[in-house]
Amino acid sequence: MFDGMQRRVVCMWFPRLASDRALRTCPVDAPFALTLRQSNTEWVHCLNARAERQGLHRGMRMADARVFCPDLVSRPARPDLDARFLAALRRWATRYCPWVACEGEDGLVLDVTGSTHLWDGEAAMLSEMRMRATRAGLSLRLGLADTRGAAWALAHHGEGIAPPGAAQEALAALPVAALRLGSETVTALQRLGLRTVGDLCTTPRAPLARRLGPDLLMRLDQALGRQPESISPEREPPHYGVRLTFPEPIGLVDDVMGATARLLEALCAKLKANEAGARTLVLTLRRVDQGSPHVELRLAAAMRDPARILPLFERGVSEVDAGFGIDQMRLEAKLVESLPVQQISASAAPSGPDRQQDLVTRIGTRIGLENIQRFLPADSHIPERSFLIAPAAWSAPESGWFSPRPRPLRLFPPEPIAGTGNRPPRSFRWRRMPLSTARATGPERIAPEWWLEDDNWRSGLRDYWHVETRQGRRLWLFYTPQNPGWFVQGEFA
């Protein structure tokens with residue numbers, strides 16, 4: 001049922017959003033441009049007002065722009081930072097109404113129906129928006145009308161307020177590009193002599209639909225309010241934080257751990273609802289004397305099981321000085337990863353990988369997760385490059401270890417030994433130990449990877465031998481034919 005309230009929509013367009021964002025952090029008193037590289041060519045992405053007054057525009061080649069403006073200052077564009085900045089502006093715009101959505105890459109659309117009276121009218125609200133944008137160093141153009149399409153048209157081509165129920169009159173003098181049409185459609189309409197929205201409204205609809213398609217009439221009807229166009233605000237990201245306040249201060253470790261268990265249950269329920277898992281948890285304990293010590297727990301894998309996480313807090317909680325007592329506790333997941341629901345067995349006991357991750361977390365709280373490392377296979381026949389070392393908490397174990405020949409358990413930088421000829425010496429001295437060869441297996445020739453720079457392999461080919469000594473040592477020796485010499489590089493178990 002119609003409640004008698006006319007819908008009102010505001011469009012906020014930031015024509016120089018990218019350049020304004022860049023100049024907020026590092027101002028430049030000169031013509032300024034942001035560039036994007038595409039197909040080995042730099043193009044102008046966004047300009048400030050001084051550069052536009054020099055005749056520059058978006059989409060021109062950067063080389064041409066420097067010809068017109070030799071003192072032009074340029075920086076690479078950062079579309080990712082621009083998107084984050086626009087998201088921050090969307091959150092700021094919720095001070096005017098709760099229904100705010102992004103409009104393209106440089107605009108916002110607000111459904112201010114029923115909220116304009118809080119700002120003493122529509123004109124006062126738009127004036128307050130301009131004032132705050134100017135104070136923040138942002139260029140802003142505004143449009144207010146009954147529909148989203150009309151508000152967009154006014155912001156981009158007219159900037160003003162359309163009275164309620166007068167969208168057609170307000171758009172009549174605007175160009176047809178104000179209807180959010182493609183460039184090909186706009187060009188076709190201009191060739192037909194239809195240059196304004198008013199000309200389009202007085203033209204028969206059937207020939208336009210047959211010649212230019214139904215999208216043209218849909219955009220016209222949306223701007224005039226004949227077809228509805230919804231505004232879908234961005235969903236706020238979930239906040240993974242819970243808090244517990246006590247009527248009386250607590251200080252015993254058992255009491256703090258009991259409260260932590262309650263916080264974990266609430267937090268893990270929220271994580272499970274969003275199919276997420278925590279990687280970093282921070283427990284903040286507010287004391288009566290206003291001190292706020294905190295316990296940070298970095299997990300080896302994304303988790304949301306309270307029974308597994310709670311014992312990991314014991315060491316950190318036991319080291320906290322409760323002072324005169326703790327009256328409030330807060331638990332927050334600082335780093336969250338996706339953790340879809342998985343089928344589990346009927347047994348409630350943690351599996352082998354889960355127990356390993358819990359062990360890595362316990363050790364990591366003492367020495368740091370980055371210091372617990374694992375070996376991963378690498379696709380290279382060079383011994384030094386056949387493996388990678390990665391933090392265990394940020395990598396998954398792999399089972400793709402394959403070698404056509406046995407490799408030593410210990411691998412170290414080549415150590416020279418005395419020897420002549422292309423076969424292992426019968427006796428040699430290594431690390432001050434006299435050794436004699438009992439059995440030698442080989443050679444295995446390994447060529448250097450010529451496409452990679454490695455000073456250790458500049459001597460050329462290597463012939464590797466598996467040498468068993470009479471003293472019990474099983475060594476990995478190699479001989480360099482191009483620069484004759486013998487070296488020990490590894491030791492077998």
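Guide: Let's start with Arg431, which is partly exposed at a relative accessible area of 40%. On that scale, buried means under 20% relative accessible area, exposed means over 50%, and partly exposed lies in between (1.4 Å probe, protein chains only). A word on the background: this is a predicted model, where local features need pLDDT of at least 70 and side-chain atom pairs count only at pLDDT 80 or more, while totals for chains, interfaces and linings use all residues. Residues are numbered from 1 along each chain as its sequence is written, and side-chain values use heavy atoms, with hydrogens and water left out.

Back to Arg431: its phi is positive, near 50 degrees, though the residue is not a glycine. Most residues other than glycine have a negative phi, and most peptide bonds are trans. Arg431 sits in the loop between strand 15 (427–430) and strand 16. Helices (H or I, at least four residues) and strands (E, at least two) are DSSP runs, numbered from the N terminus.

Step into strand 16 (residues 433–446) and you'll find Pro443. The peptide bond leading from Gly442 to Pro443 is cis, with omega near 0 degrees. Strand 16 also holds Arg445, and a salt bridge ties the side chain of Arg445 to that of Asp463 (2.8 Å, N to O). Such a bridge puts a side-chain nitrogen of Lys or Arg within 4 Å of a carboxyl oxygen of Asp or Glu. This pair links distant parts of the chain, since Asp463 belongs to strand 17 (residues 462–469) and the partners are 18 residues apart. Arg445 is exposed, at 54% relative accessible area, whereas Asp463 is buried, at 8%.

In another place, salt bridges with shared partners join Arg8, Glu122 and Asp146 into one network. Within it, the side chains of Asp146 and Arg8 meet at 2.4 Å, N to O. Those two are 138 residues apart: Asp146 lies in the loop between strand 7 (141–145) and helix 6 (148–157), and Arg8 in the segment before strand 1 (9–13). Both Asp146 and Arg8 are buried. The structure holds 30 salt bridges.

Arg180 has a positive phi of about 60 degrees without being a glycine, and its place is in the loop between helix 7 (167–171) and helix 8 (183–191). With 16% relative accessibility, Arg180 counts as buried.

One more salt bridge brings together the side chains of Asp221 and Arg226 (3.5 Å, N to O). Asp221 counts as buried at 6% relative accessibility, while Arg226 counts as partly exposed at 48%. Asp221 is also among the residues of helix 11 that meet helix 10, where contact means heavy atoms within 4.5 Å. On the helix 10 side, the residues are Arg205, Leu208, Ala209 and Leu212. The residues of this contact divide into seven nonpolar, no polar and two charged; Ala, Val, Leu, Ile, Met, Phe, Trp, Tyr, Cys and Pro count as nonpolar, Asp, Glu, Lys and Arg as charged, and the others, Gly among them, as polar.
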